[in-house]
Amino acid sequence: MDGLVVYRGLATAAGPLLRVWLGRRRRRGKEDAGRLGERFGRASAPRPNGALVWIHAASVGEALSILPLIDRLRERAGLRLLMTTGTVTSARLLAERLPAGVIHQFAPLDRPGWVRAFLDHWRPGLALRVESELWPATLAALAARRVPAVLINARISPAAFRLWRRFPSAGRRLLAGFALCLAQSAGDATRLRRLGAGAVARPGNIKHAAPPLPADPARLAGLRAAAAGRRVWLAASTHPGEEEIAAGAHDALRRGRPDALLVVVPRHPERGPALARALAAPGREIRLASRGDMLGGDITVADGLGELGLYYRLAEAAFVGGSLVPRGGQNPLEPARLGCAVIHGPHMENFREIAAELGAAGAARALAAPEELAAAAAALFDDDGARAAQTAAAAAVCAGREAVLDRVADALAPFLDALAPADAAA
């Protein structure tokens, strides 16, 4: 039996259940109530005239990584850009960071009728999908309309590869929906080819080309004044379970360094109030940034949106979350670019190549177990020379990475020329 045909049939039949699921997410604040129709393929903005490129990224990290490429695409005359994501957090952040003229919509769920409504309205001439967005109904609908699709910064984890190997025909047909796959690493390129992808190139990881995370200078000055006399370290983009580990490490750190301050930045800011309550314990003073506590106490939970650029500039060292629990890690280049010494756990599957390169250069400290976090933070606090050497090595790893963006743009040029010829800008 054809697995992809079965999938599309089940997705069609599941419409009522998907509506219930979206309703529950809306009540929990995980969907935008005013824009819920976009998840059913109903547009909330008019389509602009001209050739349109649809760019889809699942959530915050993927969306931010593609912003430099969006800037490149905007240089082409006559080209219109539509960006879709799937999370409320990404939509809020992109409202601040997307360039003028780039339209944002929530992506429709992968149900044939909803995808069809979306494509009927927007009529893209090219679809760019970021990392591992392999949705069968969407790819089938694009193929039926002869809209080329390119997988940007393509990533297939070893676990996903093993899963797809169990369904070789489905994986091969799914990847056949892409005219080109631009792999972020040699391992990803090999796995894509073995799964049956046709045209595969390896320009590199586009996250290498990302500019440093932004920070408001006045806000940063205020934070530095508030933290004056304190040694600040960060638990960044943390997932459930990691905050308790970081808090325990901080308790140990403070025994010999009472001036130490831990700032916890959860991956999902809406967890902030509950997280502050969960971390409360005898002998700990917990502050919550959204209540007006700029910095202070023993631990500050920073639950604002898009603020990592501030805190990476403020802290001497940062534990990068998603890596002490099996979530694949978060981007270690973000603190590395801002002179913040990097610590991460063993679960860096989503950034395996980057983590390996940083480790080989002495540009990051990798933990084998949660119990090592306190000692790693203490070592960076106590040895200014070692910390400076680590951040210098990280800066060297980050330097000169913009060329990956040139390679991605060159690979996309034939598709873009077919829509809006390059000489149209002349």
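User: What is a helix axis here, and how are angles between axes counted?

Analyst: Axes are lines fitted to C-alpha atoms, for helices over the stretch in contact, and angles run from 0 to 180 degrees between N-to-C directions. Helices (H or I, at least four residues) and strands (E, at least two) are DSSP runs, numbered from the N terminus. This is a predicted model: local features need pLDDT of at least 70, side-chain atom pairs count only at pLDDT 80 or more, and totals for chains, interfaces and linings use all residues. Residues are numbered from 1 along each chain as its sequence is written, and side-chain values use heavy atoms, without hydrogens and water.

User: At what angle do α12 and α17 cross?

Analyst: Helix α12 (residues 242-256) and helix α17 (residues 373-382) cross at roughly 50°. Their axes come within 8 Å.

User: Which residues make the contact?

Analyst: Contact means heavy atoms within 4.5 Å. From α12 come I245, A246, A249, A252 and L253. From α17 come L373, A374, A377, A378 and F381.

User: How do I read phi?

Analyst: Most residues other than glycine have a negative phi. R146 has a positive value, near 60°. S237 has a positive phi too, near 55°.

User: Where do R146 and S237 lie?

Analyst: R146 sits in the loop between α7 (136-144) and β5 (149-154). S237 belongs to strand β8 (residues 231-238).

User: Is each one buried or exposed?

Analyst: Buried means under 20% relative accessible area, exposed over 50%, and partly exposed in between (1.4 Å probe, protein chains only). R146 is exposed, at 76%. S237 is buried, at 5%.
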